[in-house]
Every structure is written in C-alpha cells, then in structure tokens.
Amino acid sequence: ARPDAATGRAAVEAAAASEPGAPVRQGCVGAGTGATVGPVKGGIGTASTVLDSGITVAALVVANAAGSAVDPETGAMYGELLQGRVRYPEEDVHRAARLRLTEIAAKNAPPPLNTTLAVVATDADLSKAQAQKLAGTAHDGIARAVRPVHLLNDGDTVFAMATGERPLDAGHPLALNEILAAGADAVTRAIVRALRAAESVDGPGGLWPSYGELYGEA
C-alpha cells in the first residue's frame with residue numbers, strides 16, 4: 001500500500017488532535033508498517049534528550065534499511081553496542097535465531113528498495129545552514145546502528161527542524177557541536193527502539209520476525 005495525499009492529511013489531523021507531550025506510537029505503525037531492517041522487522045522509533053543548556057534534541061526514525069541492525073556473531077544490536085548498553089543473548093538463543101533467519105531467508109525475496117527516514121528536531125534557534133549541518137551529521141546515527149549502510153538500494157534521508165525557542169550560547173562559538181552530537185545519538189537510539197517495538201509480520205510481502213521474537217528481552 002502506497003501513501004497518498006489522503007494518508008498525509010490523516011496523519012496531520014491525528015497529530016493535531018493529540019495532546020502536547022503525548023507519547024508517540026512506535027513499532028509497526030504509520031510508515032513503519034512495512035519497514036524492514038535486514039532480515040528482521042523494522043518500524044518507527046523515537047528518542048530525545050535535554051542538554052545541559054536546556055535545549056531539547058529529539059529524533060523520530062522509520063527504520064527501513066537493506067543492511068542489518070544485528071551483529072551476526074553475537075545477536076546484539078549494533079546501536080546498543082555503541083551506546084554501551086548491550087545485552088548479549090544467550091548462545092543457544094542466538095543459535096536458534098540464526099537458524100530461523102536462515103530458513104526464512106530461503107523463502108523471502110529481499111525488499112528491492114529501502115529508505116530509512118528520520119526527523120531530528122530541536123527547540124534551539126538554528127539558521128538554515130546549521131539545520132542542514134544537523135541533518136547531515138544525524139546520518140552518522142544511522143551508520144552506528146546499521147551495517148552496511150547507505151547502499152545503492154537505500155534512500156536514507158534525514159530532515160532537521162528547529163523551533164527557534166532557545167538561542168545558542170553566543171559566547172561559545174562551538175555551541176552547535178553539542179546539538180550535532182546529540183542528534184546523531186538520538187537517531188541511533190531511535191533505531192534501536194524501533195526494532196524493539198516492532199512485531200513480527202507474516203503476509204504477502206513475506207515473513208519478517210521481530211527482534212523480540214528472535215531474542216526476547218536479551
């Protein structure tokens with residue numbers, strides 16, 4: 001199913017009807033419905049942080065990549081490895097997961113095209129050039145969570161938005177750096193959350209197990 005103008009309008013109306021600060025649905029919703037990351041189910045994930053300056057940096061990601069988010073040797077997520085929060089699966093669990101993925105791969109046709117989409121938003125007062133820099137740096141967050149990344153059949157795109165409510169520290173010429181780093185980190189965390197929130201799908205497009213089904217809470 002391809003989104004059209006009516007889908008976009010429905011999304012805007014749903015967002016407008018939600019209360020400020022309401023939790024964002026994650027996993028197999030919206031654009032994440034048909035998303036896959038390598039051999040497992042992808043989806044929508046979010047993450048945010050408040051910097052010492054009081055500036056908020058947040059990311060919403062549709063994790064949909066040709067590469068994998070899971071280390072084939074251990075079953076741990078690359079994104080969690082880099083965050084220092086890795087929870088390694090038991091060897092027998094990882095062995096069973098690899099066997100299941102091998103069986104599924106023999107039946108599924110690989111998705112012809114993938115596009116990981118991300119929006120990085122902040123309440124900082126950024127110029128267009130600074131927002132463009134934030135969008136570019138945030139791509140590093142995808143590279144930390146997915147391997148291989150930015151392939152010819154990936155159309156990875158990151159958008160940046162700034163509400164302009166909080167000015168940068170005028171006395172600190174490199175104040176933007178903290179926002180750039182936080183944006184990339186938020187994208188990595190959002191991809192991890194997307195995979196953890198996703199549910200397995202078995203339909204016309206094939207069988208795509210979730211990370212949770214394969215590895216549980218590991």
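How much space lies in the largest pocket? About 1800 Å³.

## Basis

This is a predicted model, in which local features need pLDDT of at least 70, side-chain atom pairs count only at pLDDT 80 or more, and totals for chains, interfaces and linings use all residues. Residues are numbered from 1 along each chain as its sequence is written, and side-chain values use heavy atoms, without hydrogens or water.

## The two pockets

A pocket is an open set of points on a 1 Å grid over the protein atoms alone, where a 1.4 Å probe fits, with protein on both sides within 12 Å along at least five of seven lines; lining residues have an atom within 4 Å of a point. Volume is the space filled by probe spheres set on the points, which are joined across faces, edges and corners.

The largest pocket has 45 lining residues; closest to its centre are Val 29, Gly 30, Ala 31, Thr 33 and Val 62. Helix α1 gives the largest share of this lining, five residues. By class the lining has 26 nonpolar, 14 polar and five charged residues. Here Ala, Val, Leu, Ile, Met, Phe, Trp, Tyr, Cys and Pro count as nonpolar, Asp, Glu, Lys and Arg as charged, and the others, Gly among them, as polar.

The second largest pocket holds about 280 Å³. Its lining includes Ala 22, Val 24, Thr 46 and Val 119. Strands β3, β4 and β5 each give two or more residues to it.

Helices (H or I, at least four residues) and strands (E, at least two) are DSSP runs, numbered from the N terminus. Four strands make an open, mixed sheet, ordered β3-β4-β5-β6. Strands pair if DSSP finds at least two bridges between them.

β3 and β4 (residues 56-63) run antiparallel, joined by eight bridges. Val 50 has Thr 56 of β4 as its bridge partner. The two strands form a hairpin with five residues between them, and Gly 54 in the turn has a positive phi of about 95°.

## Around Cys 28

Cys 28 sits in the loop between α1 (5-17) and β1 (36-37).

Beyond neighbours within four places in sequence, Cys 28 contacts Thr 33, Lys 41, Gly 42, Ala 198 and Glu 199 (heavy atoms within 4.5 Å). Lys 41 is 13 residues from Cys 28 in sequence and 8.4 Å away, C-alpha to C-alpha.
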